[in-house]
Amino acid sequence: MKKLTLIFLLITVSFLSLSKAQVGGNQVYKDRNNNDYSTSRNLPEFINTNTYFATDSTLIVTVKVLINKTADRYKLTLGLNEEAATPKIAIENINRRISGFMKRISSIGIKDEDIFVDFISQTKIYDYNVNKDSQTAVQKMDGFETKKNIIITVNKHSMIEKLISEASDFQIYDIIKVDYISNDIDKIQEELLKEAYSVFDKKKENYFKLFKKEIIGSPTASSGFTYVFPKSQYQNYTAFESANVTYGYDTKYVRKEERKSKTFYYDGTDYTGFDKVINNADPEVGIQYIMNLNVKYDLKKNKGK
């Protein structure tokens, strides 16, 4: 009867794994073009590598929980530069552009306290005087360049694209980065720990129900909490198919390659090995918070026969 039950469970698990169809999409080109042959991506979805570790006198229960949450605020950093014959003119011109941009975005609700202008650098610019007759190129100073960054904090993700669009009217094209900010990490950590304990209680109950072990003393526990920001979670690939050109000894052809577009996409933490993933169906890119919980029990050894 036990063998039949085990066979039934194996068949059920196999069916469930096969019934989860997955469309590869053009991301399959990533492995081919980047020569990434990691075997971890071939693990079946239903495998959980963090369950129990037990000996005749010790039990360690491990729980991993992840939650996807949207950010509370976003910090956009824009870069701009200005070249001129003198530093004074360069600074005046770049400040005029910044002032115009700040006035524009104030009309869409951005306050002065949400903006900071960071002076980055002021450098000399050099060029060459080329003399064709003497075939010489003499370097000369050709002006100055001033660089500044504009840092803006907003509450809505939709405002980022609006700000980028307005910035282009002032020749501000360099989108340096977008930071995702959480206002209450401590609260999220507390919530995740509760979720981890809930999963732990079920694991513990199942183990002792199956093995009828006796606990000695009090358990010891440790936990770890971390979070992953989107900036480290983007992957890229270039999808294309190309013919090959064979070169002979007398061939005078020069092969000219067309530019291939590179695709970037968000690829969050792999869910393999997690006991519970919260908000896994939310399509919005956000911050991923991870809680690890380890509980160790000392067990009474079984008496030998």
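Visitor: Which residue takes a positive phi just after H5?

Guide: Lys212, at about 55 degrees. Keep in mind that this is a predicted model.

Visitor: How do I read which way the residues of a helix point?

Guide: Start with the general idea. An α-helix has 3.6 residues a turn, so residues three or four places apart point the same way. Now the case here. The buried residues of H5 are Ile188, Leu192, Ala196, Val199, Phe200, Lys203, Tyr207 and Phe208.

Visitor: Which strands do the buried residues of H5 pack against?

Guide: They pack against E1 (52-54), E2 (58-69), E7 (215-228), E10 (276-278) and E11 (287-299).

Visitor: Lys203 is on that buried list. Which residue does the side chain of Lys203 meet in a salt bridge?

Guide: Asp275, at 2.7 Å from N to O. Lys203 belongs to helix H5, while Asp275 sits in the loop between strand E9 (263-266) and E10, so the pair ties together parts 72 residues apart in sequence. Lys203 has 10% relative accessibility and therefore counts as buried. Asp275, at 22%, counts as partly exposed. The cut-off for buried is under 20%.

Visitor: What does Glu195 form a salt bridge with?

Guide: Lys276, with the closest N and O atoms 2.7 Å apart. Glu195 is in helix H5 and Lys276 in strand E10, so this pair ties together parts 81 residues apart in sequence. Glu195 is partly exposed at 25% relative accessibility. Lys276 is partly exposed too, with a relative accessible area of 34%.

Visitor: How many salt bridges does a search of the whole structure find?

Guide: It finds 12. One of them joins Asp169 and Arg104, whose closest N and O atoms are 2.9 Å apart. This pair links distant parts of the chain: Asp169 lies in the loop between helix H4 (158-168) and strand E6 (174-181), and Arg104 lies in helix H3 (residues 87-106), 65 residues away. Asp169 is partly exposed at 47% relative accessible area. Arg104 is partly exposed at 30%.

Visitor: Which residues are linked with Arg104 and Asp169 in a network of salt bridges?

Guide: Lys162 and Glu166.

Visitor: Let's move to strands. How do I read their side chains?

Guide: In a regular strand the side chains alternate between the two faces of the sheet. In E2, 10 of the 12 residues are buried, so E2 is largely enclosed by the rest of the structure.

Visitor: In which sense, parallel or antiparallel, does E2 pair with E10?

Guide: Parallel, over 3 bridges. Leu66 stands opposite Val277 in E10. E2 and E11 run antiparallel, joined by 12 bridges. There, Lys64 has Asn292 in E11 as its bridge partner. E1 and E2 also run antiparallel, with 3 bridges. These two strands form a hairpin with 3 residues between them. Ala54 has Leu59 in E2 as its bridge partner.

Visitor: Where is Tyr297 found, and is it buried or exposed?

Guide: Tyr297 is in strand E11. Its relative accessible area is 4%, so it is buried. Tyr297 and Leu59 are 238 residues apart in sequence, yet 5.0 Å apart in space, C-alpha to C-alpha. Leaving aside neighbours within four places in sequence, Tyr297 has contacts that include Leu59, Phe200, Lys204 and Pro219.

Visitor: Which residues of the largest nonpolar core touch the most other members?

Guide: Phe101, Ile110, Ile150, Ile152, Val154 and Ile172, out of 41 residues in that core. At least two core residues come from each of E2, strand E3 (73-84), H3, strand E5 (136-154), H4, H5 and E11. Take Val154. Not counting residues up to four places away in sequence, Val154 touches Arg73, Tyr74, Ile110, Met159, Ile160 and Leu163.

Visitor: What does the whole protein look like in numbers?

Guide: It has 5 helices and 11 strands. Of its 305 residues, 26% are buried. Among contacts between residues at least 6 apart in sequence, 81% join residues at least 24 apart. The accessible surface is about 21,600 Å², and 52% of that belongs to carbon and sulfur atoms.

Definitions and conventions: Residues numbered from 1 in each chain as written. Predicted model: local features only at pLDDT ≥ 70, side-chain atom pairs only at ≥ 80, totals over all residues. Heavy atoms only, no water. Buried < 20%, exposed > 50% of the residue type's maximum accessible area, 1.4 Å probe, protein only. Helix = DSSP H or I, 4+ residues; strand = E, 2+ residues; numbered from the N terminus. Contact = heavy atoms within 4.5 Å. Salt bridge = Lys/Arg side-chain N within 4 Å of Asp/Glu carboxyl O. Core = buried A, V, L, I, M, F, W, Y, C linked by side-chain atoms within 4.5 Å. Areas by Shrake-Rupley, 256 points an atom, 1.4 Å probe, with all protein chains shown as cover. Pairing = 2+ DSSP bridges.
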